[in-house]
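Colleague: I have the sequence and the coordinates open and would like to go through the fold with you. Could we start with the chain as a whole and then turn to its parts?

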Amino acid sequence: ETMAIVSSVYTQSEILQKEVFLVEKLQAADQGPQESMCHMKAMCFIRPHPDNFSLLKRCLRSPKYGEYHIFFSNMVKDGYLQELADADEHELVKQVQEFYADYLPLDASHLIVQAPNPELCFFSPGSDPAGTQRLRDRVTEGLVSLMLSLKRRPIIRFQRSSNICRAIAKDMCNICYHKESGLFDFRRSAGQTVLLLVDRLDDPVTPLLTQWTYQAMVHELIKIQNHRVDLRHIPKIAKDQQEVVLAPEQDKFFKEHMFDNYGDLGLSVKNLVDDFQVQSKSNQNISSIADMQRFVENYPEFRSKSGNVSKHVTILSELNRIIDKRQLMNVSSCEQEIACKSEQKEHYAEVVRFIDDPNISETEKIRLVLLFALRYEKDAARLVSQLMDKLEDQGVPRERMSIVQGLLRVAGADKRTGDLYGTKTFSARAKNLVGSLKGVDNVYTQHQPLLVQTLENLQKGKMKDVDYPFEGPIMPPKERPAEVVVFMLGGTTYEESRAVHFHNQQDGAMKVLLGGTFVHNSTSFLDHIKEMMKAPMGGGSGFH
């Protein structure tokens, strides 16, 4: 995990500039005899986990390097330090520090804690007690490290309807205010920091939607894993582009355009290609994404001179191919309409039309039925049942369709806390009506995650204590937080990350940091729901 954390912050060339000449895992010590490098110093950056201590002790008993400087990514138990001291027979350990970085930063306002089996967030508490406890411990460790790195002792709030949120809130309160109170005794900053623990299943709509902004599109249609995108499936892909890095700190173009919509992104990439044409005195006519891809293939020097640009042309070309093949522009328009407007009759007719279309994939059909079922489960249970029958008529296996009832069971209207569709209060309904009358600039990006409303309620003091109670010290009713760390048990999405980015750009009064146990696209979200449905007790994230 720490190797992924370091690589998210530094490129290999940047590490070399710091005179770090070799990066290896502790496990290398177990792979046979090691060449002695006593002239070199080793800096060990590791998680304080029992397995890592065992590896480190073996390294110290049979040392490869002349000095060892040990940095733990989180708090270390006293007993472990004594074990290390006993293992350091050659007295080569020169320093031991706690360097709080036990989480993976994705960008300036988005991070994840890489928890084991993150799908367990959706399980009911009794389904897998040992696995759920490991997940709970890992999330708590990551949050403790995050708060120590920020030098904040947070006010803790949690979603009352979620058992896992409640459990982690209790763990965090115990550590921050009791067990390790001295570590969190920081000088108070201007304004309070709130740690808000929420459950992914309170907004099951956002991870189901097709995405149309750059970073979110790549993750939805190709997948981003630890800032890396695997493109080896593309025929005749250049060797240097089979796996590419998309990290805002390492890629200027990506940093500038990661939140751009599909149309604006295409124009930005074309402008870069046009600039290169001017420099190379080429007069090739480029008017489409396919033209850009052909240009990259025909001018190998473009790849070497343009740095990252050719990478983005390749990704854009692949996104375009997938969108056309799966007819996602038509499907997405229907998704957005269902997510944002209440027009039951029209939506039913549209979903039926897509189910009957042989050119639309099973996956897209199921997602549309899921979105329809989540919105109209109370008003149109009969219509949902009819859509299921139509899926079956089209040859969709029953085991695939069962996810509709599975998702409703754990994330239906009776289980959710937030006002997902803006229908619970008069002011929310009025706001929805005004929004629909005004229209939107882009039909494909009109949806806003529930997180936007949650942050607004918190900032304006409208968040109900009964739905989001405090654990430990409470905030005075008239006081507003200066910082909020929203941690989503069950995973975040890049659409929510984008919403947080723009909130921080436009609002200086309350800065927001978004964290979670995973970053979902629609495939991973449905996979986690399927795993939950296999659980002995049926799953349910503690909504039961």
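Colleague: What radius of gyration does the chain have, and what would a compact globule have?
Modeller: In this predicted model, the chain has a radius of gyration of 25 Å. A compact globule with 544 residues would have one near 24 Å, so the two values agree. Along the principal axes, the C-alpha atoms fill a box of roughly 75 × 65 × 45 Å.

Colleague: How many helices and strands are in the chain?
Modeller: The chain has 21 helices and twelve strands.

Colleague: Let us take the sheets. In what order do the seven strands of the open sheet come?
Modeller: The order is E4-E5-E12-E11-E7-E6-E10, and the pairing is mixed. At the edges are strand E4 (104-107) and strand E10 (470-471), each of which pairs on one side only.

Colleague: How many bridges join E7 to E11?
Modeller: Seven bridges join strand E7, residues 193-199, to strand E11, residues 483-489, and these two strands run parallel. To locate the pairing on your screen, look at Leu195, whose bridge partner in E11 is Val485.

Colleague: Which strands does helix H5 lie across?
Modeller: Helix H5, residues 129-150, lies across strand E5 (110-112), E7, E11 and strand E12 (511-516). The helix runs at about 165° to E11.

Colleague: And the sheet of three strands, what is its order?
Modeller: That open sheet has the order E1-E2-E3, with parallel pairing. Strand E1 (37-46) and strand E3 (93-98) stand at its edges with a single partner strand each, so one side of each has no neighbour in the sheet. Direction ignored, neighbouring strands of this sheet are turned by 10° against each other on average.

Colleague: How many bridges do E2 and E3 pair over?
Modeller: Strand E2, residues 65-72, pairs with E3 over five bridges in the parallel sense. Phe72, for instance, has Glu98 in E3 as its bridge partner.

Colleague: Which helix packs on that sheet?
Modeller: Helix H3, residues 50-61, packs on the sheet and touches E1, E2 and E3. The direction of H3 makes about 160° with that of E2.

Colleague: Now the helix pairs. What describes two packed helices?
Modeller: The angle between their axes and the distance between those axes describe them.

Colleague: At what angle do H7 and H12 pack, then?
Modeller: Helix H7 (residues 214-221) and helix H12 (residues 309-326) pack at about 60°, and their axes are 11 Å apart. H7 and H12 are therefore oblique to each other, and H7 passes H12 in a left-handed crossing.

Colleague: Which residues in H7 and H12 meet?
Modeller: From H7 there are Tyr214, Met217, Val218 and Leu221; these meet His312, Ile315, Leu319, Ile322, Ile323 and Arg326 in H12. The residues of this contact of H7 with H12 divide into eight nonpolar, one polar and one charged.

Colleague: At what angle do H17 and H21 pack?
Modeller: Helix H17 (residues 398-411) and helix H21 (residues 522-534) pack at about 80°, with their axes 10 Å apart. H17 is thus roughly perpendicular to H21. On the H17 side the contact is made by Ser402, Ile403, Gly406, Leu407, Arg409 and Val410, and on the H21 side by Phe525, Leu526, Ile529, Lys530, Met532 and Met533.

Colleague: What residue classes does the contact of H17 with H21 have?
Modeller: The contact of H17 with H21 has eight nonpolar, two polar and two charged residues.

Key: Residues are numbered from 1 along each chain as its sequence is written. This is a predicted model: local features need pLDDT of at least 70, side-chain atom pairs count only at pLDDT 80 or more; totals for chains, interfaces and linings use all residues. Side-chain values use heavy atoms; hydrogens and water are left out. Two strands pair if DSSP finds at least two bridges between them. Helices (H or I, at least four residues) and strands (E, at least two) are DSSP runs, numbered from the N terminus. Contact means heavy atoms within 4.5 Å. Axes are lines fitted to C-alpha atoms, for helices over the stretch in contact, and angles run from 0 to 180 degrees between N-to-C directions. Angles under 35 degrees count as roughly parallel, over 145 as roughly antiparallel, 65 to 115 as roughly perpendicular and the rest as oblique. A crossing is left-handed if the near helix is turned anticlockwise from the far one by less than a right angle, and right-handed if clockwise. Ala, Val, Leu, Ile, Met, Phe, Trp, Tyr, Cys and Pro count as nonpolar, Asp, Glu, Lys and Arg as charged, and the others, Gly among them, as polar. The radius of gyration is taken over C-alpha atoms; the globule rule is 2.2 Å times the number of residues to the power 0.38.
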